[in-house]
Amino acid sequence: MNKWLLLILLSTPLFGAEADLQKLVDGNARYLKGHVEPKSHTQKPFAVIVACSDSRVAPEIIFDQGLGDLFVVRVAGNVVGDIEMESINYALDHLGAKVVMVMGHEYCGAVDAVKEGQVSEISAIASLIKPSIKGAKTLEAAVKANVLGVVDHLDKNIKAHIVGAYYDFETGEVEILNGKGS
Ligand SMILES: [Zn+2]
């Protein structure tokens, strides 16, 4: 390959994207080999998990659950705005889930950005996190305060057993922070 062409390719932001997409295609091919067709065409998840989009926070893996077990709403900073609220309500009203867990995590980049005042790229998310974390001295305290803020918000809007939780990367443990609701 012409070295200038190679340099141009390497400096293109999307270079490598095709290889990454191929990883998904290959992964699905591996999945198909072990795939057992679900017995039911309807889903009955027993819990709703509101978690951060962080790639290290995958509820199905952390809680050792399979397909159909958890209704997962993931967004950076595990916040709940109108769109997330509608998703949660769907799981409660139509799928039979009774427990809602809001799970924050160690080293959350979204909460850290808001804590440090770097919110220009996440203004919508920051507007939901900011009121809850005022006065928090450490990132862990801010993450937990954000979780409890979301729990309070849910408690005012939905009827379910609502639990706040904190996921520790080092130990893998999910600490239950509190419970609210019915
Ligand atoms: Zn996060």
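This is a predicted model: local features need pLDDT of at least 70, side-chain atom pairs count only at pLDDT 80 or more; totals for chains, interfaces and linings use all residues.
S40 sits in the loop between helix 2 and strand 1. With a relative accessibility of 38%, S40 is partly exposed. In sequence, S40 and G68 are 28 residues apart, while their C-alpha atoms are 9.8 Å apart in space.

Next, helix 2 itself. Helix 2 covers residues 17-34, and V25 is one of its residues. V25 is partly exposed, at 46% relative accessible area. Together with L21 and L24, V25 makes up a nonpolar patch on the surface, and the three have about 310 Å² of accessible area together.

Helix 2 also holds a charged pair. The side chains of D20 and K23 form a salt bridge, with 3.6 Å from N to O. Why can these two be described in terms of a helical turn? Because D20 and K23 are three residues apart in helix 2, about one helical turn separates them. K23 is exposed, with a relative accessible area of 57%. D20 is partly exposed, at 43% relative accessibility.

Now to the zinc ion. Which protein atoms are its donors? They are SG of C52, NE2 of H105 and SG of C108, and they lie 2.0 to 2.3 Å from the zinc ion. Written as a sequence spacing, the donor residues read C-x52-H-x2-C. C52 is in the loop between strand 1 (47-51) and helix 3 (59-62), and C108 is in the loop between strand 3 (99-105) and helix 5 (109-115), so this pair ties together parts that are 56 residues apart in sequence.

Are the two cysteines buried or exposed? Both C52 and C108 are buried. The relative accessible area is 5% for C52 and 1% for C108. As for cysteine pairs joined through sulfur, the structure holds zero disulfides.

The bridge partner of H105 in strand 4 is Y167. Strand 3 and strand 4 run in the parallel sense where they pair, and seven bridges connect them. Strand 4 takes in residues 161-167 and is mostly covered, with six of its seven residues buried. In a regular strand, side chains alternate between the two faces of the sheet.

Back to salt bridges. How many are there by the rule used here? The count comes to five salt bridges. The D20 and K23 pair has already come up as a salt bridge.

One is between E140 and K144, where the closest N and O atoms are 2.8 Å apart. Both belong to helix 7 (residues 139-157), and because they are four residues apart in that helix, about one helical turn separates them. E140 is partly exposed, at 39% relative accessible area. K144 counts as buried because its relative accessibility is 17%, and the cut-off for buried is under 20%.

The other is between K144 and E175, with the closest N and O atoms 3.3 Å apart. This pair links distant parts of the chain, since K144 is in helix 7 while E175 is in strand 5 (residues 174-181), 31 residues away. E175 is partly exposed, with a relative accessible area of 33%.

Last, two backbone angles. Most residues other than glycine have a negative phi. D64 is not a glycine, yet its phi is positive, at about 55°. D64 lies in the loop between helix 3 and strand 2 (70-74). At 67% relative accessibility, D64 is exposed.

N78 also has a positive phi without being a glycine, with a value near 40°. Where is N78 placed? N78 is in the loop between strand 2 and helix 4 (82-94). Is N78 buried or exposed? At 1% relative accessibility, N78 counts as buried.

To recap the main points. The zinc ion has C52, H105 and C108 as its protein donors. H105 is bridged to Y167 in strand 4.

Methods. Residues are numbered from 1 along each chain as its sequence is written. Side-chain values use heavy atoms; hydrogens and water are left out. A disulfide is a pair of cysteine sulfur atoms within 2.5 Å. Buried means under 20% relative accessible area, exposed over 50%, partly exposed in between (1.4 Å probe, protein chains only). Patches are made of residues with over 30% relative accessible area and no salt bridge: like charges are joined within 9 Å, nonpolar side chains (Val, Leu, Ile, Met, Phe, Trp, Tyr) within 5 Å. Accessible areas come from the Shrake-Rupley method with a 1.4 Å probe; for residues, only the protein chains shown count as cover. A salt bridge is a side-chain nitrogen of Lys or Arg within 4 Å of a carboxyl oxygen of Asp or Glu. Donors are N, O and S atoms within 2.8 Å of the metal (3.2 Å for Na, K and Ca); water is not among the atoms, so sites may look incomplete. Two strands pair if DSSP finds at least two bridges between them.
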